[in-house]
Amino acid sequence: MIVIENLAKHYGGGGAVGNAVEALAGIDLRVEAGEIFGIIGRSGAGKSTLVRCINLLERPSAGSVRVAGRELTALGDAELRAARRDIGMIFQHFNLLSSRTVFDNVALPLELAGVDEAEIEARVAPLLDLVGLAEQRARYPAQLSGGQKQRVGIARALANRPRVLLCDEATSALDPETTRSILSLLRDINRRLGLTVIVVTHEMQVIKDLCDRVAVLDRGRVVEQGSVFEVFTDPRHETTRALIRDVVGQELPAGLLERLAQPHLSTGGRLLRLVFTGAAADAPLISVLTRRFGLDLNILHGQIDEIQGRPFGSLLVLMEGVAERRDEAMAWLVEQSIRVEAVHVG
Amino acid sequence: MSAELLTLFWDSFVETLIMVGAAGGLATVLGIPLGLILTVTGPGHILPRPVFNRSLGLLVNALRSTPFIILMVAIIPLTRLLAGTSIGTGAAIVPLTLAAIPFVGRLVEASLREVDAGLIEAVEAMGATPLQIVRKVLIPEALPGIVNGLTIMLVSLIGYSAMAGAVGGGGLGDLGIRYGYQRFMPDVMAMVVVVLIVFVQIVQSLGDHLSRALDHR
Ligand SMILES: Nc1ncnc2c1ncn2[C@@H]1O[C@H](COP(=O)(O)OP(=O)(O)OP(=O)(O)O)[C@@H](O)[C@H]1O
Ligand SMILES: [Mg+2]
């Protein structure tokens, strides 16, 4: 649905290469139809610039952007305006017109497209039902809560029946509960309308709850991408690890870990992190390790979670026992598709 | 106060009304487009035209900085061309309008600039043309501010119209000078001042009221 090739964006500099900001460089991305695709990265990584390049609110300095088979960078002004009707967008600060009621805000894109009044009424009313704002249709944005405003934003973005929805920090101005309700609305829309959704956020929980795949941006480059499950359970890039630390695999404070582990390590124990996903997540592995291999296991920290409906968990254990049996146990764990990582302290 | 004086008073009031109304109306019709052009051709706006924008800005500033009394005299040939005469109430409308247009232009520009860039971006993302952005976003969103600007302009015009006596424009200010000052009739002067104060108050409250009614923020 969206194919981005070798995209680059520089700001300013006025010809002097030295002080130009390289906001994006060498971006290649493919987003499939019907997918919810997340983009994460630190502040200033270029996330907003990237989504704004998808509907050409920002003109790329180089590279191509294809949406629904149409090469946007090659279009003239009028064609681009028509193409933009296929791409809805919602914003962190909603960007609703204060001079228009809820109904008229949602009707705006249709007015711009020259849709007649009867048709507008026929299309806006069901959208207001969809986002649960039928009763607020005559209110002005100033009379709505943040969550309601974003619902208006969503209804407005859907009015032209787009095939792609771009969301730049769409829930960042909302409290956690409202965020959850907006996310479930987005998921619902994605399923019902088969809409392709791009989500830019600094809230990892949003990615974890909503997205199918995710790309990690760092200083204008994609440093990692894949299914949310893979990227979150097995992050490869330093930036990804730093970003997702708070939502997956919470760590013990370093000092506490050292205090707990040190006495055992000095007598030959080993500190391991066992990461299990899918079916292995609910296997009784501790008791197997104890009975079959005669090992002593001391669980220091553990957690289990779910991403895209698939369970995954991690256990931080101190393993003590005969060295040979320990090696057998490790081999057995790997056989059970459990990832074993040695953890170093101090 | 004699009946004769009362008639004179009424006539002067009507003259003020005509000058302020006509100049205000014309300045609104011409000043709003001027403000729009100043805004949209500005740097970073929807139709940036840097050279044009700066030139127009200079012209507007030049007109704005010319004292009204000098402007009135300086443009007498233009006045004669447009009004057919250079004296009288009709003739006074020309310099009043010319002074008010750039004033309205700047006030309108200031209101339009306050429209959040995010709104413009949102409708650009919907595929709006520049003209649609102006009609559907800029003007409606800035309308309360524009109304405030027009109120300020009308109040200023009431003040300026008092100087119209210099070209035989008549009006309350002229009455005050001729009778109150030159003929030592302090009661006429006081009356003129009171009427002007009430007039300004009414214009201001109507403007405030309308602006508030339009404002849904
Ligand atoms: N109009 C602009 N002019 C100059 N530099 C810009 C402009 N817009 C963005 N940048 C720069 O481009 C880089 C990427 O900015 P961008 O807004 O895309 O980051 P982001 O990942 O969305 O950050 P955040 O999480 O803070 O929203 C930053 O270094 C920023 O300073
Ligand atoms: Mg951003």
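Predicted model: local features only at pLDDT ≥ 70, side-chain atom pairs only at ≥ 80, totals over all residues.
**Conventions.** I number residues from 1 along each chain as its sequence is written, and I letter chains from A and number ligands from 1 in the order in which they are written. Local features need pLDDT of at least 70, side-chain atom pairs count only at pLDDT 80 or more, totals for chains, interfaces and linings use all residues, and side-chain values use heavy atoms, with hydrogens and water left out.

**Confidence.** I looked up pLDDT, the predictor's confidence in each residue, from 0 to 100. Chain A averages 90, and 96% of its residues score at least 70. Chain B has a mean of 93, with 99% of its residues at 70 or more. For the complex, the predictor gives an ipTM of 0.89 and a pTM of 0.88.

**Chain B.** I counted helices and strands as DSSP runs, numbered from the N terminus (helices: H or I, at least four residues; strands: E, at least two). Chain B has 9 helices and 0 strands. Its C-alpha trace spans about 70 × 40 × 25 Å along the principal axes.

I then checked helix α7 (residues 130–161) of chain B, which has 32 residues. Its end C-alpha atoms are only 38 Å apart, whereas a straight helix would reach 46 Å at 1.5 Å a residue; the expected span is 1.5 Å times one less than the number of residues. I found a bend of about 60° in α7(B) at B:Leu143, with the proline B:Pro144 following within four residues. The bend is the angle between axes fitted to the seven residues ending at a residue and the seven starting there.

**Ligand 1.** I listed the residues near ligand 1 (a heavy atom within 4 Å); among them are A:Tyr11, A:Arg42, A:Lys47 and A:Thr49. Helix α1 (residues 47–54) of chain A gives the most to this shell, with 3 residues.

For polar contacts I took pairs of N or O atoms within 3.5 Å. An oxygen atom of ligand 1 is 2.7 Å from a polar backbone atom of A:Gly44, and an oxygen atom of the ligand is 3.2 Å from one of A:Ala45. A polar side-chain atom of A:Ser48 lies 2.7 Å from a ligand 1 oxygen atom.

Notes:
Polar contact = N/O pair within 3.5 Å; in protein donor to acceptor, adjacent residues only side chain to side chain.
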